[in-house]
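Take a walk through this structure with the text below as a guide. Keep the sequence and the 3D view side by side.

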Amino acid sequence: MTRKPKRSEPPLRDDQRPPGVRQRWLVKAKRWRVWWEPTRAVAKLGFKPVDLDADRPHMAIKRGKQLNRLVEDRIAGRAPDLPGARGRTLDDAIAAYQASPHWRDGLAEATRRDYRKGFRILAERWGATPLAYFRRGVVREYWETAYEKRGPRMAQALIRHLSILLGYAVQREWIDANPANGVRMTTPPPRDRVVDWQEYDALLAAGRNTDNHGMVLAIKMAFVTGQRQTDILQAAASDFAMIEDWRLDGTARPAAGDETFSLSWGLHRSKTGRSDWLRLHAEVADDVAEAVQARIDAGNPHGAIVRGLGGRAFTADGFRANFTRLRARAASRVPSVATLMFRDLRRSASTHARDGGADMRDTADMLGNDAAVNPRLSRTYVPPSSAAANRAIGALRRPEPIAPRGRRGNTSG
């Protein structure tokens, strides 16, 4: 016999609930649902049910009262008209924005993927909410809730995504102003985690011990070329070629017969649209050459060179799952690895290039930024340059091993 889940006390007492606010125990979900339900007459004005925060009863009460005031303002003509049954809600703003030319042509796929993630979270909470409901106080309260539940970085990202949608609604003249503009938020400090060489070697060892050569290749490419995960996973065999060093370095062409060549990556950056030829660092050049030849031998020169254990190209989710498992294995050898994220490898490339003598401009061009970035201090605008990017890659050096000291008392000669 299956036991029914224990029912907790309702979040709101009957004498606390504003008009229209309802609550119901969800047996399968084992939680309370609290929402605001418009009457039939109010629904004809364009209002839809709005879910409220059952974990914060005082906020549910406050928002229920706000919705009732919005209804009163609408009836009195003090609030903008709301459309009918398929009215302009946040869901409508999401759908319209994702159908716009700017979404299709103005954003990189990596940016769209990030936006989709934020939009899904917003839709779960606010999808059916009329755009006219949003006020600066509502946005501020949502930021505070997200800050506590999801952390400062995600909270800031969600408000930024909400602002994008509300700003688009302003441009479509669905609302008069963007209430997310000017909301004061606590800005989290930028992530500054740098992967040291011991941690890097632990990741490589974990990949080799599990024959996960695709992860080894991706980690190397990120650590010594400073490129993004998306671009590494999209790198095809046909993107690599032997290029004259004088072209890569931006120097004068040598005499005929004196040219030297290096295996290089014809990189088209998915986020910025910039294209460069990057000379491959000695740390990864042989691995790339082997992966490129494998794709050519398989008759698939346009296939991705970074592949999983089954020989298939990684999806973004599959790659994240593989890196999480590999990181846990590496952390058993070097515990500090447990705090790493794959994107830290890109930042680490810039730091180690700077330590090797590359200047800010060269480091920024290696990363593909439009500004010279000192990973520890500041940002300064500089023009990009392929030659500068290759100088930065060339500056990155593995530390020389330290020779063991002799015993005390030993003498030479």
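Helices (H or I, at least four residues) and strands (E, at least two) are DSSP runs, numbered from the N terminus. This is a predicted model, in which local features need pLDDT of at least 70 and side-chain atom pairs count only at pLDDT 80 or more, while totals for chains, interfaces and linings use all residues. Residues are numbered from 1 along each chain as its sequence is written, and side-chain values use heavy atoms, with hydrogens and water left out.

Begin with the whole chain. It holds 16 helices and eight strands. Of its 413 residues, 46% are buried. Buried means under 20% relative accessible area, exposed means over 50%, and partly exposed lies in between (1.4 Å probe, protein chains only). Contact means heavy atoms within 4.5 Å. Among contacts in the chain with a separation of 6 or more, 61% join residues 24 or more positions apart.

Now find the sheet with the order β1-β2-β3. It is open, has three strands, and its pairing is antiparallel. Two strands pair if DSSP finds at least two bridges between them. At the edges stand β1 (21-26) and β3 (50-52); each has a single partner strand, so one side of each is left without a neighbour in the sheet. From one strand to the next, the twist averages 35 degrees. Six bridges join β1 to β2 (residues 31-36). Across β1, β2 and β3 lies helix α2 (residues 57-76), running at about 20 degrees to β2. Axes are lines fitted to C-alpha atoms, for helices over the stretch in contact, and angles run from 0 to 180 degrees between N-to-C directions.

Next comes the loop between β3 and α2, where Arg-56 is found. Side chains of opposite charge can pair when their charged atoms come close. A salt bridge is a side-chain nitrogen of Lys or Arg within 4 Å of a carboxyl oxygen of Asp or Glu.

Asp-53 does form a salt bridge, with Lys-149; their closest N and O atoms are 3.6 Å apart. Asp-53 lies in the loop between β3 and α2 and Lys-149 in helix α6 (residues 136-150), so the pair ties together parts that are 96 residues apart in sequence. Asp-53 is buried, at 9% relative accessible area, whereas Lys-149 is exposed, at 51%. A network of salt bridges links Asp-53, Asp-55 and Lys-149. The whole structure has 23 salt bridges.

Move on to Leu-90, in helix α3 (residues 90-98). Leu-90 is buried, with a relative accessible area of 0%. Not counting residues up to four places away in sequence, its contacts include Leu-122, Trp-126, Phe-134 and Leu-162. Thr-129 is 39 residues from Leu-90 along the chain, yet their C-alpha atoms are separated by 6.0 Å.

A second open sheet has three strands in the order β4-β5-β6, with antiparallel pairing. Here β4 (240-244) and β6 (275-279) are at the edges, each with a single partner strand, so one side of each is left without a neighbour in the sheet. The twist averages 45 degrees from one strand to the next. Five bridges join β4 to β5 (residues 261-268). Five bridges also pair β5 with β6. Ser-264 in β5 stands opposite Ala-241 and opposite Arg-279 in β6. A hairpin is formed by β5 and β6, with six residues between them; Gly-273 in the turn has a positive phi of about 80 degrees.

Glu-244 stands opposite Phe-261 in β5. Glu-244 also meets Arg-247 in a salt bridge (3.1 Å, N to O). Glu-244 is buried at 17% relative accessibility, and Arg-247 is partly exposed at 47%.

Finish inside. A nonpolar core is a set of buried Ala, Val, Leu, Ile, Met, Phe, Trp, Tyr and Cys residues joined through side-chain atoms within 4.5 Å. In the largest one, of 54 residues, Met-221, Phe-240, Val-288 and Ile-305 touch the most other members. Helix α9 (residues 213-225) gives the most to this core, with nine residues. Apart from it lies another core, of 45 residues, including Tyr-97, Phe-134, Val-138 and Leu-162.
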